[in-house]
Amino acid sequence: MLADDHGGAVCSLGTFLEEGTRGDGPCRLAYAFVDAGPPPQPPSSSSPSGIVDGDVAYLGLPPGSDAAAASLAWFEAATLSLATARSADYVARSDRNTLMSMRHLLRHVDGLRPAPSPPGHDRRGIYGGAMVDRDGCGWDVPPCEGLIGRTFMDGEFYYLSSDLARYASSEQAGEIPKGGGIREDYIIGTRAASRPGPIRMMSLGGNRFWYSGDDLGTEAGWMTQWNEMEEVALIRGLAAPELVQRPKLWPGLLRDEGVAYIREAP
C-alpha cells in the first residue's frame with residue numbers, strides 16, 4: 001500500500017492492467033513486487049495474463065534461477081504477455097533494498113519520450129540509471145575487462161525503454177552467461193548494448209531519486225531514509241526538473257553544481 005498514490009497516477013501492476021482492459025484510468029506508473037516462482041495458487045480468471053495478483057507478479061521460473069534469469073523473465077513478461085492487456089513505454093527493476101521516491105520517479109517518467117505508434121517503429125533504445133564504468137566494475141576482473149560499451153547501469157535501479165527491454169530479454173541478444181559471480185546488472189547491460197544501432201544512456205548517478213543500502217533492513221533505518229526523501233526539496237537553476245529531484249544527503253551530491261536545498265513547509 002502506498003502512502004500517496006498521487007491522484008491515482010501511481011498504482012499496482014494489477015490495477016494498471018485492469019485499467020488497460022477497461023480502456024480508462026489515471027495510472028501512469030505501475031509497481032510490482034516480483035516473485036520468481038509460480039503463484040501459490042491458480043490465479044483467478046480476472047488476473048491479467050495469469051501471472052499478476054494485485055501488486056505481485058509471478059514469473060514461474062524453476063527453483064534455483066539466478067537474478068539475471070529473473071530480470072530477463074520480468075522484462076520479457078512486461079513487454080510481451082502483459083502488454084496484451086496494456087503496454088508500457090518503459091520497464092524498470094530495482095534491488096529489494098532500494099527505497100524509491102515515487103513522487104520524483106513519476107516526475108522523471110513524465111519527462112521521458114513515449115513509445116511511438118505503431119510499436120514496430122520503436123527504436124528509442126533508452127537505458128537509464130546510475131552508471132557503472134569499467135573501473136567500478138573491476139578493470140582486470142572477469143568479465144569486466146570485456147565490458148561492451150564500457151558502462152552499464154547499477155542494479156539498485158535502472159530502466160529500459162520497452163523496445164530495448166524486449167530485445168535484451170530475447171534470443172537475439174545471445175546466450176545468457178553461465179557460472180556464478182557475474183553481476184545481474186552487468187548481464188542486462190551487455191545484452192542491451194549488443195543491439196544494433198545507437199543506445200541512448202541516461203546517467204542519473206548524480207541525480208538519484210532512490211536510496212539503496214543495508215540500513216533499509218530495519219524499520220528505523222527505513223523510516224530515516226523515508227523522512228529524508230519526503231521532507232527535502234531540491235531547486236537547481238534552470239536544469240531539467242525531472243533529473244534533479246533528490247534528497248539532501250543522498251549519494252551523488254556535487255556541491256559545485258550550484259545546488260540549493262530548502263525544507264518544504266509543514
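In this predicted model, four strands form an open sheet in the order S6-S9-S8-S10, and the pairing among them is mixed. The edges are taken by strand S6, residues 90–94, and by strand S10, residues 200–203, each of which pairs on one side only. From one strand to the next, the twist averages 30°.

Within that sheet, strand S9 (residues 151–161) pairs with strand S8 (residues 126–133) in the antiparallel sense, over six bridges, and Val132 is found opposite Phe152 of S9. The pairing of S9 with S6 is likewise antiparallel and runs over five bridges; here Tyr90 has Ser161, in S9, as its bridge partner.

How many of the eleven residues of S9 are buried? The count is eleven of the eleven, so S9 is largely enclosed by the rest of the structure; the term buried is used here for residues with under 20% relative accessible area.

Helix H2, which spans residues 67–79, lies across S6 and S9, and its direction runs at about 155° to that of S6. Helix H6, made up of residues 184–193, packs on the sheet as well, where it touches S6, S8 and S9 and makes an angle of about 45° with the direction of S9.

A separate feature to trace is the covalent link between cysteines. The structure holds one disulfide, which joins Cys11 to Cys27 with an S to S distance of 2.1 Å. Cys11 belongs to strand S1 (residues 10–12), whereas Cys27 sits in the loop between helix H1 (13–22) and strand S2 (29–31), so the bond ties together parts that are 16 residues apart in sequence.

Which hand does this disulfide have? The torsion about the S-S bond of Cys11 and Cys27 is about -90°, and the disulfide is therefore left-handed.

Notes
Residues numbered from 1 in each chain as written. Predicted model: local features only at pLDDT ≥ 70, side-chain atom pairs only at ≥ 80, totals over all residues. Heavy atoms only, no water. Pairing = 2+ DSSP bridges. Helix = DSSP H or I, 4+ residues; strand = E, 2+ residues; numbered from the N terminus. Axes fitted to C-alpha atoms, helices over the stretch in contact; angles between N-to-C directions. Contact = heavy atoms within 4.5 Å. Disulfide = S-S within 2.5 Å. Buried < 20%, exposed > 50% of the residue type's maximum accessible area, 1.4 Å probe, protein only.
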